[in-house]
Amino acid sequence: MKRAIPVLVLTVAGLIPVWRYAPSTDTSSTTEVAEPASTPSTSSSGGTSNQVVAGSTIKTEKGPVQVEVTFDGDKISSVRMLQQPNHPQTKAAVPKLIAETLTAQSADIDAVSGATITSEGYVESLQAAIDAKPASSSSSSSSSSSSSPSASAAASQVVAGSAVGTEKGTVQVEVTFEGDKIDAVRMLQQPNHPQTKAAVPKLIAETLEAQSSDIDAVSGATITSDGYVESLQAAIDAKG
């Protein structure tokens, strides 16, 4: 009987590892999923829905170029540089490229003289941002704005300046305000003249930078510049 007890104890001890290392019945596994490198973000304020999309980073001889585009529905409401070459010609070209983009509402814009490499990188990154914008955003934006038009009007206001008659022709601008900020300027009327066409993007770029009509006239287009400033100031004064 004394021998039977140790045998029984050893038998039980031998079964313990079997119970401890019994195979698990849980067959689930964990898989890590990487998030996309760049995902458009959506922000809503006052009933409007804005989408901010970063374009691809374009490597150029001067340095990397990358833009960030803010869409208000299908409209390009603003463009911001995330990366750009630290070069005087680039710094001078960027406001012109942004002004042309806001006017054209696309990447179909001309390169800025003296900054062709940066211009090409800008256009490529801009087009990538436009392509990356989800198409469904426009319908959701329009539905939200239609459901609360008063809130949308409070966030964004479009004001046409007075039509100013000049020796070259009539000049009239339309200004889009986001709160107190001048968000975009569009020409409603302008003289059909090469110097005017060259001057307008510069005037718009100066306006967006100065956030007022206190800007310099463009050399070679003084008459158009004066008419532009007068119409612009009228729009600013008329803003509610």
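**Exercise 1.** Which hand does the crossing of α2 and α3 have, left-handed or right-handed? Work out also how the two helices are oriented and which residues touch.

*Solution.* Keep in mind that this is a predicted model.

- Step 1: begin with the geometry. The axes of α2 and helix α3 (residues 116–132) are 10 Å apart, and the angle at which the helices pack is about 40 degrees.
- Step 2: classify the angle. Angles under 35 degrees count as roughly parallel and 65 to 115 as roughly perpendicular; α2 and α3 are therefore oblique to each other.
- Step 3: assign the hand. α2 and α3 cross in a right-handed way.
- Step 4: find the residues. On the α2 side they are T90, L97, I98 and T101, and these meet T118, S119, Y122 and L126 of α3. By class, the residues of this contact of α2 with α3 are 4 nonpolar and 4 polar, with no charged ones.

**Exercise 2.** At roughly what angle do the axes of α2 and α6 cross? Name the arrangement and the residues involved.

*Solution.* 

- Step 1: the two axes come within 8 Å of each other and cross at roughly 105 degrees.
- Step 2: α2 is therefore roughly perpendicular to α6.
- Step 3: from α2, the contact uses P95, K96, A99, E100, L102 and T103, and from α6 it uses P201, K202, I204, A205 and L208. This contact of α2 with α6 counts 7 nonpolar, 1 polar and 3 charged residues.

**Exercise 3.** Which element supplies the largest share of the lining of the largest pocket? Build up a picture of that pocket as you go.

*Solution.* 

- Step 1: the largest pocket holds about 260 Å³ of space. It is lined by 16 residues, of which S78, V79, I98, K181 and L208 are the closest to its centre.
- Step 2: at least two lining residues come from each of β4 (64–72), β5 (75–83), α2 (88–104), β9 (181–189) and α6 (194–210).
- Step 3: β5 gives the largest share, 4 residues.
- Step 4: by class, the lining has 7 nonpolar, 4 polar and 5 charged residues.

Key
Residues numbered from 1 in each chain as written. Predicted model: local features only at pLDDT ≥ 70, side-chain atom pairs only at ≥ 80, totals over all residues. Heavy atoms only, no water. 1 Å grid on protein atoms, 1.4 Å probe; cavity = no way out; pocket = protein on both sides within 12 Å on 5 of 7 lines; lining within 4 Å. Points joined across faces, edges and corners; volume = space filled by probe spheres on them. Nonpolar A, V, L, I, M, F, W, Y, C, P; charged D, E, K, R; others polar. Axes fitted to C-alpha atoms, helices over the stretch in contact; angles between N-to-C directions. Parallel < 35°, antiparallel > 145°, perpendicular 65-115°, else oblique. Left-handed = near helix turned anticlockwise from the far one by under 90°. Contact = heavy atoms within 4.5 Å.
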